[in-house]
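Open the model in your viewer and keep the selection tool ready. This tour goes from one selection to the next.

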Protein chains: 2
Amino acid sequence: MQKEGLLIVISAPSGAGKTTLCNGLVKRFPGLKESVSYTTRDPRQGEQDGVDYHFVSTEQFKKMVSENGFAEWAEVHGNLYGTAISVLEQARRDGVDILLDIDCQGARILKNHSIKGTFIFVMPPSIPELRRRLESRSSDSVDVIERRIARAVEEIPEARWYDYIVINDQLEEAQERLAAIVTAAQIKTENIWEQISKMFDI
Amino acid sequence: MQKEGLLIVISAPSGAGKTTLCNGLVKRFPGLKESVSYTTRDPRQGEQDGVDYHFVSTEQFKKMVSENGFAEWAEVHGNLYGTAISVLEQARRDGVDILLDIDCQGARILKNHSIKGTFIFVMPPSIPELRRRLESRSSDSVDVIERRIARAVEEIPEARWYDYIVINDQLEEAQERLAAIVTAAQIKTENIWEQISKMFDI
């Protein structure tokens, strides 16, 4: 039996810096892949089914929704996109490590399905600092910023049921802490025992 | 309530490089302290009770042994030395992070007492490599080396119930992995929640 793939699940309030941190993580761990989503949109030139996306009909997609097959799904510009639980389970069996950037609601669905994973919540250092960061982006209207902050205040208590909390105060330090979590996950006994037992014939 | 102290428990077969790794770890994490042992020997000049050792009479020590108060204890040159479970629990309450270098038997006693801790097993990359390392020390007789190897072969399967396994193939990489485990332990939700809930008033 080959090594099982790891699932690294990351959630964060908008503005906490999750995207930057995730990009840094993938650079540091080239074996860490994003999961392949399902979509109802047509493949573009060069896109491969099962590699870029799992391309399905709206009917197929809605059937999967009704069977609770997605950890999360959304409609974007009239097309449906979703993260299928079965894809995560297949990656685990195939030994592929997956990085999944997903909101709290989606993460909780995975937890409720007893999907094995390392659940990480990225925190802003404080609400005033989150506000400062959202305002300095200057791309969002005051209304949008207020909504994001209200949402963050709601989401932060959700961190409690995650395995780890990374406070993004200084980006580099937060990046180190996030990398440490992934490194530690790789050498958890449950994730490495198969390899050890072969090495030592036990 | 202040932050609880972490307990980092490290075991390894003789020759796996545990002492070097532990020294490196303490350098990297100055807040990580060795636990204060009990001993029946007399204090030396300048040694303070409760700081260098807990100095007790042989009678007191034996009483603690009979009450299963030690995770491990041993007689060295006619004096008794022991790691008391109560000392580890007190450090946790005091918010002191402890590094405990202890054999498998002692570690298992802690597990059986449901002592919260991060249990790490340091592995040699292989038995032949372990033999090579023990032989290159040149301080040990052939008999001693054979006994150490036989002991290692017995101990390695114990790794299964530890939380993490660090294979000491390349010292620097093993050191990084060990540090990652400690960093991750520091930001486990259960260890950081008190601080978070204060920061965000939740």
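**A helix pair in chain A**

Begin with α5(A) and α6(A): α5(A) passes α6(A) in a right-handed crossing. Bear in mind that this is a predicted model. To select the pair, take residues 127–137 and residues 142–155 of chain A. The two helices pack at an angle of about 150 degrees, and their axes are 10 Å apart. An angle over 145 degrees counts as roughly antiparallel, so that is how α5(A) and α6(A) lie to each other.

Now show side chains. From α5(A), pick A:Ile127, A:Leu130, A:Arg131, A:Leu134 and A:Glu135. They meet A:Ile145, A:Arg148, A:Ile149, A:Ala152 and A:Val153 of α6(A). Colour this contact by class: seven residues are nonpolar, three are charged and none is polar.

**Across to chain B**

Next, select the side of chain B that touches chain A. Here 25 residues of chain B contact 25 residues of chain A. On chain B, β9 (164–167), α7 (171–186) and α8 (189–199) each supply at least two residues. The chain B side has 18 nonpolar, three polar and four charged residues.

**Inside chain B**

Stay in chain B and select β8(B), residues 118–123. Six of its six residues are buried, so the strand is largely enclosed by the rest of the structure. B:Thr118, B:Ile120 and B:Val122 are buried on one side, and B:Phe119, B:Phe121 and B:Met123 on the other.

β1(B), residues 7–11, runs parallel to β8(B) over four bridges. Find B:Ile8 opposite B:Thr118. β9(B) is also parallel to β8(B), joined by four bridges. Finish at B:Met123, which stands opposite B:Ile167 in β9(B).

Terms used. Residues numbered from 1 in each chain as written. Chains lettered and ligands numbered in written order. Predicted model: local features only at pLDDT ≥ 70, side-chain atom pairs only at ≥ 80, totals over all residues. Axes fitted to C-alpha atoms, helices over the stretch in contact; angles between N-to-C directions. Parallel < 35°, antiparallel > 145°, perpendicular 65-115°, else oblique. Left-handed = near helix turned anticlockwise from the far one by under 90°. Contact = placed C-beta atoms within 7 Å. Nonpolar A, V, L, I, M, F, W, Y, C, P; charged D, E, K, R; others polar. Buried ≥ 20, exposed ≤ 12 C-beta atoms within 10 Å, placed from the backbone. Pairing = 2+ DSSP bridges.
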